[in-house]
Amino acid sequence: MMALLDLNGVTKTFGGLTAVGDVSFTVEEGSVVGLIGPNGAGKTTVFNLITGNYVPNSGSILFEGRELSGMATNKIVSSGIARTFQTIRLFQKMSVVENVLAGCHCRMKSGIFSAMLRTPSQRREELAALELAMRELAFVGLAHQAENLAANLSYGNQRLLEIARALATGPKLIILDEPAGGMNPQETDQLVALIAKLKERGITVLLIEHDMSLVMRACEKLVVLEYGIKIAEGKPDAVKTDPRVIEAYLGTD
Amino acid sequence: MRLEIKDLHVKYGNVGVLHGVNLTVEEGEIVTILGANGAGKSTTLMSISGLVKPSSGKIIFGGEDITKLKSHKIVERGVAQSPEGRRVFGTLTVDENLLLGGFTNFDANHKAKTREWIYHLFPILKERATQLAGTLSGGEQQMLAIARALMARPKILLLDEPSLGLAPILVKTIFETIREINETGVTVVLVEQNARAALKLAHRGYVLEVGKIVLEDSAETLLANPKVQNAYLGGG
Amino acid sequence: MEEFVQQLTNGLAVGSIYALIALGYTMVYGVLKLINFAHGDLFTLGAYLGLTLLTSFSLQDKMGPLAAVGLLAIMVMGLVALIGALLDRVAYKPLRDSPRLSAVVSALGASIFLQNTVMLIYGARFRVYPQDILPRTVIDFFGMPIPLMRILILLVSLAMMVALYTFIQKTRIGTAIRAAAIDQGAARLMGINVDRVILIVFMVGPALGGAAGLMVGLYYGQINFTMGWVYGLKAFTAAILGGIGNIPGAMLGGLLLGVMEALGAAYISIAWKDAIAFMVLILILIVRPKGILGERVAEKI
Amino acid sequence: MMTKKKGLAAIGVLIFATFPLWMKYVRPDDVRYWVDVINNVGLYAILALSLNVILGDAGMYNMGHAAFYAVGAYTGAILNTQLGVPILLALPVAGITAGIFSAIIARPVIHLRGDYLLIVTVGVGEILRIALINDVFGITGGPNGIFGIARPEFFGFKIKRPDHFFYLIWGFAALTLFLFNRLKQSRFGRALDYLREDAVAAEGSGINTDRYRLLAFLLGATWAGMTGSLFAAKMTIISPESFSFWESVVIFMIVILGGSGNMAGVILGTFIVIALPEVFRDFASARMLIFGLAMMVMMVFRTQGLLPPKPRKFNLPKLAEEGE
Amino acid sequence: MNKILGVLLALSIASAAFAADTVRIGLMAPLTGPWASEGQEMKQIVELLADQLNAKGGTQFEIVAEDDAGDPRTASLAAQRLSTKNVVAVVGTYGSSITEASQSIYDESEIIQIATGSTAVRLTEKGLNFFFRTCPRDDEQGRVAAKTIMSNGWKKVAILHDNTSYAKGLAEEAEGLLKKEGVEVVFFDALTPGERDYAAIITKIKSAGPDGVFFTGYYPEAGLILRQKMDMGWNVPFLGGDATNNPDLVKIAGEKAAEGYMFLSPPVPQDLTTEAATSFINAYKAKYNSEPGSIWAVLAGDAFLVAAEGVNGAGSTDTTKVAEYLKAGMKDFPALTGSINFDNKGDRIGDLYKVYKVDGAGKFIMQ
C-alpha cells in the first residue's frame, strides 16, 4: 500500500543554519503519527514544509503520490491536508462559527456575482457550509460557543476550534502542532479521545506534541527529530527505550 | 532578597492565563518552574519583569511591592531576565548587546569588571565581541542572552528556557554556568522544558498547570514524584 | 559631462534636505511603526520659526551672519523638538495600543492642524526670508559655476547626518534607541525606559526636520504653509526607498531620490520627473520589497 | 422589537430620501448648496465604500484610491465627449477599465507589506496624475482636463439640478450598500476578513489569499471607476487636480475614521469628513484647523473608529445534541 | 474716521439687506488655498467699491462672498450656494479651470458671471449668454509675448510653463506664433509648481543655450528661478507672463536677481492713470493701510463696477436685460483699468497688455 504522505530527504536551511536536514519518513493512510523532539528540533519547520509555508531546499514531499513542494499553501489544503498552528492562529476578532467557515471556503464555489445576486445555488451553498461548520463544531464539542468571539475561548477550546476549522476543509490528513498546549489534564484526555474519533472518521493524523503521555496514548508511530535530523522512528514503545531518544529528548543528566 | 508572588492573575484580553499563582524564591536559591507549553511559565516571568501587567495579585521583591512599577524600574531594583527565544538584538554587535544589558549600571569601573567576569564565564563571547548578534549560532545567542542579563548585575536572574534548541553538550555548559552564577550569590528562577536537568540543578521547584501551581517541593522530591515523571520526564 | 556633474550637485543638495526630513520619519517608524504624517509640517514650522526669530531679534545685525545662523539653528531645533514631543504626547501616545491606521489618521489630523495653525498665524501668502544673511558666492568648480550655498547645504546636512549616526551608533542612548526599534519588549527587559526613548526620538527627528526647514528658508528664501506637504511626501518616499526604520537607509534614500529627480529632469523630462522617481521606487520595491537597506524579516509561523 | 427597529430605519431612510424636498423650507436661501453638499457626501460615500473593500475588509493600505477614481472619470468623459456614449451607459465601461487598470498595477505589488504598499499606491496615484497632466495619450486634455461632458439622461429625463443628482447619486449609493452588504455576508466577504485578520491562517485554511487580494483591488477599483464616471457627469468638466493625492488621503481618512470594515461607519465617516467642514464654514479660515483637531480628537477617543465592525450574525441551524 | 464710516455703512447695508432696492452681487474668489492672498484682496477691493458706490446713493449693492479655495470642486459648491442667494451677478473668479467649473451652474441659473483673472480662450467660446470677463485673453497675451520676444531680438527661445491650464495654454500659443515667425524654440517643458529647488531645470535650460527664456507660470516659481539662476551665475534675460505680476516676485528673488526681469501684464495698480483708479487707490490705502498688489484683484473691482453699471444701465435686475445692456448698451465705461467695452462673446475689447521691466530697486517699470 502506498503511503499517504511520503517525505524523502527533505532539507531546509535558513541562511546557513540547517533547520531540517535530510529528513525522510512516511505516514500511512489511517494512522496516527507523532513527530517529537526537543524544542527547536525542527518539527514545526517540517510541518511548514508539508503545508507549503516553506519550500524545501532539496528532497521531495509526496502526498498521495503527488509532489507538494512548490505548491501554494491553499492548493495543498484543498488537496486534502489541513493543519493547526503551534501558536494559536485563529481569527480572534471573529466568531467561533466564522472561524470554522474559513475552513469551508475551499470546498465552496460561489463568487462575487452570485453573492451580489444571491442566487439560489449560492444560498444553498451558504446554508450547507453553515451546517457543515456547526457539525464540525459539535464534533469537537464547541457548538454551544458558536456565536462567541474566538478570543473569548479558553486556550484549550481555542485549540479545539483550530481543529474544527481544519476539519471543515475536508482533509484526508490533518496535522496538529502541539494540540495539547495550554490544556489541563482533563482536556488532554478529551483530546486523546478526539484523535481516536478522527481516526474513526478515516482521517490520518500527524501531530507534534510535548506531552509524552498523550503521544504514547494516541500515536501508533513516532518520528523523533533532534537538530533537524531524524534520530529515531518506530512504535512508541520502541522509541521510548531508544537510548539516543532518551538522551536527546528526555534530558541529559 | 526574597521574591514573593501572591495570588497572581493575568489575562490576555478576556482569556485568563494565570489564575492565582503563588510562589516564593528565597535569596540565593535556584528555583525552577516546570509545566507544559502554554501553562503560563513565561507569563509568570514577564509579570515579574513588569512587561505583563497582572489583573490582580502582588509581586514583592525585597519587601517592596513591584507589581505596578515600570519595567525599567524593576531592572533597576535588580531583576534581570533572559527571555524565551533569547531575543538578542540581532542587528547589534555582541558588545552592544552587552552594553544594553548593563544599561542601568552607570558605574564604568563596575561595568568593566562585570564584563570581565562575563568573558570569563563565556569566553566565546569575547571572541565574538564585534560580530552581529544575529550571526551567532543558537548556543552562542543563548549565552549572550544570559550574559546580557548578567550585565545588569542582578540580584535575581530570571531564565526562560535557556536550553531551548541547544546541543546536549551546550546544555551542560549552560547549566554549569548557571550554577556558577548562582554560587556568586545571584538568585535564579529557571523555567525549563528540560525538566530533568532543571530539577538536578535547582533547589526547589514548582509545577504550573493551566495557570495554577499544582505542585511545589524540593527538587529531589519532585524528581522522584511519579506524577512529575509521567508528565515531564517521559514516564521515567 | 559638465551638465551631468552639475545635475548631480543639484540633486545632492535637494536630496540632502529630503534625507534630513526622512530621518525623522524613519526614526519614529523604527521605534513605533508609525508614519508620522505631521512630520512634514514640523519642517514647515522650522522654516517659519526661523523667520520669526531672525526678524524679530534682528540677530544678524547683533552678531554677524554666521553666529546668527548658528544661534538660530539651535533655537529652531530646540523649539521644533519641543513641539515634536508635544505632538507625540497629544496625538500619538493615547493611540499606542490601537490599530496602526488609527494613529495614521490622527497623524493626518495633526498635519492639517499644524498646517492651518501656521496659516492662521503667518497668513496664507508666501513669506520671504531677508536676502542678505548668507553670502551668495558662486565658486568655480573646474569651470562649472556652483553656488557655495548648495555645497554648504550638502555639507551641513551631511554633518548633521554623521552626528546623528554617531549618536545612534556610539552612545548609550543611541544604542537604546536601536534596541527599542528591534524589540521593545527585550529593550524593556534591559532596563531601558522605552517611553523616554520614544520621547527622544520625537525630539531628535523633528529637530532635524526643523533644521531642514531653516535651511530651506535661508537658501531658497520663499516659504509657505503648505510646503511641508510636498517635502514630507518626498522624504517619506525617500525613507521607504532606503528601507523604513533604517537610519543609513533614510540618508541614502534621500540623496538617491534627489539625484534621481535631477537626472530624470535632465535626461528624460522635467514634467515627468516626479513620476520617474515614483516608477523607480516601485521597481526597486518589486525587486527589494523592504527597500534598499531594509532587512528582510521572515514571519514566524 | 425587530420590527420596531426596522420601522425606525424606514422612517430614517424616508426622511433622508425627501431631503431636497423639505430642505427647501428649512433653508430656502441655499437649498441647492446643501443638496450639493449632500451629493458630494454621496460620491465620497461610494468611493469610501469601494476603498473599504480594499483597506477595511482586505486590510491592504491603499492610499492611491483617487487613481482608480480618475481612470473611471476619464474613461467616462472620453467615451462621452469623443464617442457620444451617454454617460450612464459609459458607467460600467469606466468601472471595468478602472478594474483592469488596478489589476495590472496591483499584481506585482500585492505582496508588499503595509507601509510599502501604501507608498506604492501613493506613487501610482501621482504617476497617473502626472500622466494626465502631460496628456499622455493625447486624449486626456492635459491640465485643462475634459469639458463639455453631457448631462446624463435617464429615460429621456435630463439630470441637471442638484436635486436630480441627489437621487442619481444616492440611488447608486444605496445600490452599492445593498450589493456590498450581500457580499459581506458571503464567502467572498468572509475571505477578505480572514485575509486581513491573519493571512497565514487564511492561507492555511485553504483560502487563496493572493487571489482575494487581487479581487479586492479589482472590485474596489471597479466601483471607484464607476463613481468617477458619476462625478464626471455631475461636474461636466474634469481635470487632473480633482484627483490629487489629497483626495486619496481624504478617502483613506473616511474609512479609518468611520471604522474600517463597517459600512455604516464608513457612511458616518463620510458625513463627518465631507459635510462637517461645510458646517464649520462660519469659522472661515479656521475651519480646516478645527477639522484637523477634530480628526485627532476623534481618533484619540475612539481608537477603533467611530463604528467598529461587529461580528456577523448567523441564522444558526439547530443541530441535534452536541458531541458524541 | 473713515473706518468708523465704513463700519456704519456696513451696518446700514446689513440692515437694508432685505430692502427691495438692494441688489445682491456675488463674489466668488479664492479666499483660502494657494491663491488666498489674491482672493482676500479681491474681497477687500470689491467691498470697498461697494461701500463707495452705496455712499453715493442710488441703487444699493450688497456683496455676498463665497470661497472657491482655488479648486474646481469647491468652486462648483460656491456657485450652487450663490445661485440660490438671489444674486444678479457674480464677480469671479481667478483661475480659468476654477471659473470653468462654475460656468454652467451660473448659466443654467441665468446669473451674470464676470470673471476677473480667467484668461483661457475657451471660456468665452462656448456661446454662454451671461458670461463676461474684465481680463484679456491668453491669445492676446501670446501675441504680445511673441512680439516682445522678436523685438528683443531673441533667435533661440526656451519656453517653460508649469502644466497648469493657463500657463500651458499661453506657452503653446506663444510657441506656435514664434515658430511661424522663424524663431527657434530650443526648449519647451514644464516644471512642478510648489517646489523650492529648480536648479535641475535651470541647468537643463542653460545647456539648451537660449537667447532668452519665456516663463508662463506664476510668480512664486518665477521668483525662485530668478534667484537660483543668479546663484548659478547664469545671465540670460527672462520674460514672464502676467501671472508673475506680483510684488512678491521681487521679495522672493531679491532685488538683484529680479533686476532686468520683464513680464507682460495689464498695468499694475500703481500704473493706473485713470482718475477713478488714483482716487480708488488712495481710498484703498486709507482703509487697509497697504497698496493693492495684484492687478487681478483690481480687475475684480472692475468686474463689480461693470456689474453695478449693468444693473443701473439696464434699469432692471432682469439678467437678460443686463447682459444685453453690457454687450450693446454700455460704451466706454470708465473703470479702474481704463474704459471697458464688451464684444458679443463677453470678452473685453481693447489692448490691455503692457511690457514691464523690474528696475534695480525692484520697482515694476512700464515700458
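How much area do chain D and chain C bury between them, and what share of it lies on carbon and sulfur atoms? In this predicted model, chain D and chain C bury about 3900 Å² between them, and 82% of that area is on carbon and sulfur atoms.

## The interface of chain D and chain C

The contact between these two chains involves 41 residues of chain D and 46 residues of chain C. One salt bridge is counted between chain D and chain C, and in it the side chains of D:D115 and C:R100 meet at 2.8 Å, taken from N to O. Polar contacts across the interface of chain D and chain C come to five residue pairs, with both residues of each pair at pLDDT 80 or more. On the side of chain D that touches chain C, the elements giving two or more residues are α5 (87–109), α6 (114–133), α11 (245–258) and α13 (287–301) of chain D. Of the side of chain D that touches chain C, α6(D) supplies the largest share, with twelve residues. By residue type, the side of chain D that touches chain C divides into 32 nonpolar, six polar and three charged residues.

Chain B, by contrast, does not touch chain D, and the nearest C-alpha atoms of these two chains are 16 Å apart. Chain B and chain E do not touch either, with their nearest C-alpha atoms 37 Å apart.

## A buried threonine in chain C

C:T175 belongs to helix α6 of chain C, which spans residues 172–182. Is C:T175 buried or exposed? C:T175 counts as buried because its relative accessible area is 1%, which is under the 20% cut-off. Leaving aside residues up to four places away in sequence, C:T175 touches B:L92, B:E96, B:L99 and B:L100 of chain B, together with C:I168 and C:Q169 of chain C. A polar atom of the side chain of C:T175 also lies 2.6 Å from the backbone oxygen of C:T171.

## A covered strand in chain B

Strand β3 of chain B, residues 30–35, is mostly covered, and six of its six residues are buried. In a regular strand the side chains alternate between the two faces of the sheet. For β3(B), B:I30, B:T32 and B:L34 are buried on one side, while B:V31, B:I33 and B:G35 are buried on the other, so that both faces are covered.

## Backbone features in loops

Most residues other than glycine have a negative phi, and most peptide bonds are trans. The peptide bond from E:G92 to E:T93 is cis, with omega near 10°, and E:T93 lies in the loop between β3 (89–91) and α4 (96–108) of chain E. Phi is positive at E:A69, near 55°, in the loop between β2 (60–67) and α3 (72–83) of chain E. E:A69 is classed as buried because its relative accessible area is 15%. In chain B, phi of B:R153 is also positive, near 50°, and B:R153 is placed in the loop between α6 (138–150) and β7 (156–160). B:R153 counts as partly exposed because its relative accessibility is 36%.

Definitions and conventions
Residues are numbered from 1 along each chain as its sequence is written. Chains are lettered from A and ligands numbered from 1 in the order in which they are written. This is a predicted model: local features need pLDDT of at least 70, side-chain atom pairs count only at pLDDT 80 or more; totals for chains, interfaces and linings use all residues. Side-chain values use heavy atoms; hydrogens and water are left out. Helices (H or I, at least four residues) and strands (E, at least two) are DSSP runs, numbered from the N terminus. Buried means under 20% relative accessible area, exposed over 50%, partly exposed in between (1.4 Å probe, protein chains only). A polar contact is a pair of N or O atoms within 3.5 Å; within protein, one must be able to donate a hydrogen and the other to accept it, and residues adjacent in sequence count only if both atoms are side-chain atoms. Contact means heavy atoms within 4.5 Å. Buried area is the accessible area (1.4 Å probe) that two parts lose on being put together, summed over both. A salt bridge is a side-chain nitrogen of Lys or Arg within 4 Å of a carboxyl oxygen of Asp or Glu. Ala, Val, Leu, Ile, Met, Phe, Trp, Tyr, Cys and Pro count as nonpolar, Asp, Glu, Lys and Arg as charged, and the others, Gly among them, as polar.
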